[in-house]
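Dear colleague,

Please find below the structure I am handing over to you. My notes on it follow directly after.

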Amino acid sequence: MAETVIELDLSSPWEPPEVPAPPRRRLRTRLVAVCAVLAAALGSLGAAGPGTRLTPLYRIGDQVRGVTVFGDMLFIDRFQQSVSDPRIEGHRRSDGARLWDFPTTPQQQPASVSDGALILMRYSDEDDGFSTTLTVVDSATGRQLWSRQNASFIGTRDHLVIVEQQLEQRRIVVSTPEEQPDPRVNRAWDGAPRHVLALDERTGAPVWEHEAPPRAALSYTWEGRYPTGRVTGVYQLDQSGLVTHRDIRTGAVLSTVQLAWSGVPAMFGTGAGWQFAPDAVPHRALVYPDGERGAIVFDLTDGRALFRTDASLSEGLYPCAADLFCAADERGIVTYDGTTGAPRWRLGPYREVIGGAGGRLLVSTLEQATGDAPPLAVVDARTGKIVTDLAGWRLIREASPQRLLLWRPLDQRTAVLGQLDPATGRITVFGRSGDWYGPPSCSADGDTLACVMVGELTVWRLPPRPDTDG
């Protein structure tokens with residue numbers, strides 16, 4: 001039987017629904033009480049049937065540190081305990097049954113998961129150096145498949161694990177306040193060659209490899225979002241201004257284009273961080289020249305320089321909607337035309353664009369140190385006008401690239417959970433939780449959301465995704 005959900009339409013006043021006659025007075029009293037609390041807290045409640053289920057599917061306790069939901073599995077990261085070492089566990093998503101466990105170390109954490117493998121990374125900074133160890137585990141059985149030293153994990157694609165091999169141990173450089181460079185001036189890395197490897201997911205054997213020349217910059221493109229997203233390609237920018245696009249599955253060159261520029265790139269991007277709007281402004285490349293301020297935006301089809309902006313690396317220029325670039329400075333979000341770079345609109349105090357659909361953007365700021373809820377709103381991407389103020393709601397961060405999930409406290413330990421359709425401003429409430437004391441650590445895939453709060457894992461079924469076309 002399909003589960004009923006509560007929907008909140010924040011664009012119009014709430015009118016109470018007609019309450020059907022329940023079979024038992026006790027059930028009716030309980031439902032009325034729940035609805036009264038939700039209505040008082042949320043202010044604009046839609047419709048709710050008598051069979052509304054806001055309780056979770058199940059819970060798993062005992063020192064849970066983190067969780068990743070993928071396919072039919074939950075991968076649970078547990079803290080070290082007095083009777084056992086820290087470990088990763090594979091659980092069946094449908095009922096939470098544990099299928100296997102794999103011992104880890106306190107420095108080892110899940111990095112990504114694919115159809116056949118769970119990737120773990122161990123980081124070490126001993127002796128003023130920085131090194132890594134990548135370990136690949138069979139996601140169905142928990143059996144270790146292989147490991148590799150000094151490899152920086154990039155992503156996965158079609159049973160391949162993409163890494164950059166560290167040719168020498170990285171050193172940790174500590175500078176005094178007097179030595180800190182101007183943060184608005186672009187600074188290139190050390191210029192060491194970057195060695196890309198595509199490794200077989202089951203054996204760790206190299207399938208193809210490529211070494212970029214010194215001072216070249218690399219940019220990876222993505223489908224979805226880290227850690228469960230997939231790498232789709234790699235672009236290389238040489239000092240000559242030549243951009244080379246390679247197939248991530250074979251290493252074959254797909255295309256080249258000469259930019260109307262040459263020099264040392266401090267940073268080069270073609271879409272690695274634009275996961276919430278990957279097709280917003282297609283065929284664009286950003287270059288931050290070393291020793292200069294700001295970025296140049298190029299057309300990747302013919303190499304033309306379209307415009308230059310003074311937005312610094314820290315302000316993070318990126319495509320965020322149809323023919324629109326966004327950045328953030330000390331005053332809030334600032335936007336630019338995606339072709340000419342002409343300023344469009346500015347909006348404070350918001351500092352980041354979380355996602356969008358249907359010509360709307362969800363905007364917010366980072367979590368506040370005070371614990372207060374940061375401002376959250378839906379805005380019109382064309383004008384920057386606030387369409388829906390989501391005051392009191394808070395974002396469930398990093399849970400899913402396909403959904404915008406929110407939570408809102410009812411009291412000091414109880415919260416409701418909802419899914420936002422940014423195109424309409426409508427919130428579908430699907431869960432209610434006790435022992436909820438602040439921002440959670442969550443992961444979602446398919447119709448399942450799993451959240452960790454104070455060492456306990458709680459799992460909910462999500463409502464259908466909103467139709468975001470248009």
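Between which two strands does the loop with Arg-351 lie? In this predicted model, Arg-351 is found in the loop between β27 (343–347) and β28 (352–357). Its relative accessibility is 39%, so Arg-351 counts as partly exposed. Leaving aside residues up to four places away in sequence, Arg-351 touches Ala-328, Asp-329, Glu-330, Gly-332, Ile-333, Ser-364 and Thr-365. With Asp-329 there is also a specific approach: the side chain of Arg-351 reaches the backbone oxygen of that residue at 2.8 Å. Leu-366, 15 residues from Arg-351 in sequence, lies 7.6 Å from Arg-351 in space, C-alpha to C-alpha.

I turn next to one of the sheets. Four strands form an open sheet in the order β20-β21-β22-β23, and their pairing is antiparallel. The edges are taken by β20 (265–269) and β23 (305–309); each has a single partner strand, so one side of each is left without a neighbour in the sheet. From one strand to the next, the twist averages 20 degrees. The antiparallel pairing of β20 with β21 (residues 284–289) runs over four bridges, and Met-267 stands opposite Tyr-288 in β21.

The salt bridges come to a count of 24. Three of them are described here.

- Glu-164 and Arg-194 form a salt bridge whose closest N and O atoms are 2.8 Å apart. The pair links distant parts of the chain, with Glu-164 in strand β12 (residues 160–165) and Arg-194 in strand β14 (residues 194–200), 30 residues apart. Glu-164 is buried, at a relative accessible area of 9%, whereas Arg-194 is partly exposed, at 27%.

- Asp-323 and Arg-344 form a salt bridge with 3.8 Å between the closest N and O atoms. Asp-323 belongs to the loop between β24 (318–321) and β25 (324–329), and Arg-344 to strand β27, 21 residues apart. Asp-323 is partly exposed, with a relative accessible area of 29%; Arg-344 is likewise partly exposed, with 37%.

- Arg-360 and Asp-380 form a salt bridge in which the closest N and O atoms are 3.6 Å apart. This pair also links distant parts of the chain: Arg-360 is in strand β29 (residues 360–364) and Asp-380 in strand β30 (residues 376–380), 20 residues apart. Arg-360 is partly exposed, at a relative accessible area of 22%, while Asp-380 is buried, at 9%.

Finally, salt bridges that share partners join Arg-78, Arg-87, Glu-89 and Arg-98 into one network.

Yours sincerely

Note on methods
Residues are numbered from 1 along each chain as its sequence is written. This is a predicted model: local features need pLDDT of at least 70, side-chain atom pairs count only at pLDDT 80 or more; totals for chains, interfaces and linings use all residues. Side-chain values use heavy atoms; hydrogens and water are left out. Two strands pair if DSSP finds at least two bridges between them. Axes are lines fitted to C-alpha atoms, for helices over the stretch in contact, and angles run from 0 to 180 degrees between N-to-C directions. Buried means under 20% relative accessible area, exposed over 50%, partly exposed in between (1.4 Å probe, protein chains only). Contact means heavy atoms within 4.5 Å. A polar contact is a pair of N or O atoms within 3.5 Å; within protein, one must be able to donate a hydrogen and the other to accept it, and residues adjacent in sequence count only if both atoms are side-chain atoms. A salt bridge is a side-chain nitrogen of Lys or Arg within 4 Å of a carboxyl oxygen of Asp or Glu.
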